[in-house]
Protein chains: 2
Amino acid sequence: MDSAVLLDLLGNENRRRILRLLARRPCYVTEISEYLGVSPKAVIDHLRKLEDAGLVESRVDEQRRKYFSIARNLRLEVNVSPYEFGTKSAYPASRSLDMTRCRYLSLHIEPEEVDEPDDDTPTVEPVDGDAADGENPGGDDVDPDADESLSDLTAELARLETLENELSMAQRWVQGRLTDVMDSLSAAFGERDGRFYAELLAAVANGARTTSAVARRVDASPTVTADGLAQLESEGLLEQVGEEWRLTASE
Amino acid sequence: MDSAVLLDLLGNENRRRILRLLARRPCYVTEISEYLGVSPKAVIDHLRKLEDAGLVESRVDEQRRKYFSIARNLRLEVNVSPYEFGTKSAYPASRSLDMTRCRYLSLHIEPEEVDEPDDDTPTVEPVDGDAADGENPGGDDVDPDADESLSDLTAELARLETLENELSMAQRWVQGRLTDVMDSLSAAFGERDGRFYAELLAAVANGARTTSAVARRVDASPTVTADGLAQLESEGLLEQVGEEWRLTASE
């Protein structure tokens, strides 16, 4: 999918509100229209654009009413820097993304052992240990050290470009995996309120701590949210420490 | 920075073209206007919006002409899924992002040992090995296996949410690091054409293989590009295998 098309679509506040709503539950045109305070005609127009781009899909229920939902996973990344304006979007045909076979993924970060750095220093920092040892500000022209530094920098550049691609793939994988887990959780909780319970868990996993924070996240009333959280607590999935909810499994 | 403001800004094709141009080189209003085929008045209007958001900044040169450039690193991520419409943007005050002290970062992926999967299977796949062993489709209500599966799923959910945040931080770190390396390379190559050489290397590192592909990427004429690539080859940073360029350091 073309990133430009996607940015054009997402550049509209009402279309973003529609997507936010549909990410909570499938909706009919009239529901969306009332929720947004926008005419049904305008809603239909937005939905058509979103449907054309494959972001949204529609089904017809038993009463032959058409309802809309988010079609599938999509991820867009935009990088803006003094050297780059890059957009990348991934719109896989199936949920099994690029890393279908990936079972476990982790990030290894090796911290730099340095004294408190001066964050406001405007100088360019050396990119690795070796270059730092050289202490070559890069002024001289045919300095062998400068040459070595150039090849070190080029190697670092290649490593970073590779890493960026890998991270991007990894993030798409995580996104697909999250959707799978939410599907499984919804199914495991059962037809009726499965999705709601799954979203309560996701809200807590994603950093919502208090009942009211969770309620805001899942867009439900505090009472309904409190009942749902209590149910999850009784099933041993959540625990409350003071006012704060957390996943039992997370330690 | 607010993701909504950013999406509104990036939702305009001409603003994206301005950013793409400024990511190649700082420009005056008249240059941008000619390049885009858009009136100076409209360009000034776009630049003002981009400047207000902190994406673009301006300086005045010796001839007292105002020129514009990209202010600093910014990263925007948008996730669309049946359970989420999420936007995240990071706009650090300094280039030393969240992981200033990070020296080395790598991704560890453990592949799943499975037979050729059927990609079109519409069923929800189990999210980890244990759940797969259970083979519980989640129909029964008070099955102890189902309970275990729920807690496994919740643990997986928590792990994925954490991983997503870490990957996001890691990518912002990579982006900052890339800018630092490009700054260092530009400086190491020297004032005059430093940036151009750095961009040639970045284009090759980023997957442009032939001279014409690199020329398109850096938006320079094939002749100028070929000269630059030959210069980098003579410095031992690039090598040509058949028609294809690659970094000497990359093996």
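## Close-up views of a predicted model

**View 1. Chain A at a glance.** Chain A contains 9 helices and 8 strands. Please keep in mind, as you look around, that this model is predicted. Of the 251 residues in chain A, 45% are buried. Turning to contacts within chain A between residues at least 6 apart in sequence, we find that 49% join residues at least 24 apart.

**View 2. The β4-β5 hairpin of chain A.** Here strand β4 (residues 74-81) of chain A meets strand β5 (residues 84-90) of chain A, and the two pair in the antiparallel sense over 7 bridges. Together, β4(A) and β5(A) make a hairpin, with 2 residues between them. To find your way around the pairing, look for S81(A), whose bridge partner in β5(A) is E84(A).

**View 3. A cavity in chain B.** The structure has 1 cavity of 30 Å³ or more, and the volume of the largest cavity is about 30 Å³. Its lining is made up of R75(B), L76(B), E77(B), K88(B), S89(B), A90(B), S168(B) and R172(B). In chain B, the elements giving two or more residues to this lining are β4 (74-81), β5 (84-90) and α6 (144-189).

**View 4. The cavity lining by residue class.** What classes of residue line the largest cavity? Sorted this way, the lining has 4 charged, 2 polar and 2 nonpolar residues.

Conventions:
Residues numbered from 1 in each chain as written. Chains lettered and ligands numbered in written order. Predicted model: local features only at pLDDT ≥ 70, side-chain atom pairs only at ≥ 80, totals over all residues. Heavy atoms only, no water. 1 Å grid on protein atoms, 1.4 Å probe; cavity = no way out; pocket = protein on both sides within 12 Å on 5 of 7 lines; lining within 4 Å. Points joined across faces, edges and corners; volume = space filled by probe spheres on them. Helix = DSSP H or I, 4+ residues; strand = E, 2+ residues; numbered from the N terminus. Nonpolar A, V, L, I, M, F, W, Y, C, P; charged D, E, K, R; others polar. Pairing = 2+ DSSP bridges. Buried < 20%, exposed > 50% of the residue type's maximum accessible area, 1.4 Å probe, protein only. Contact = heavy atoms within 4.5 Å.
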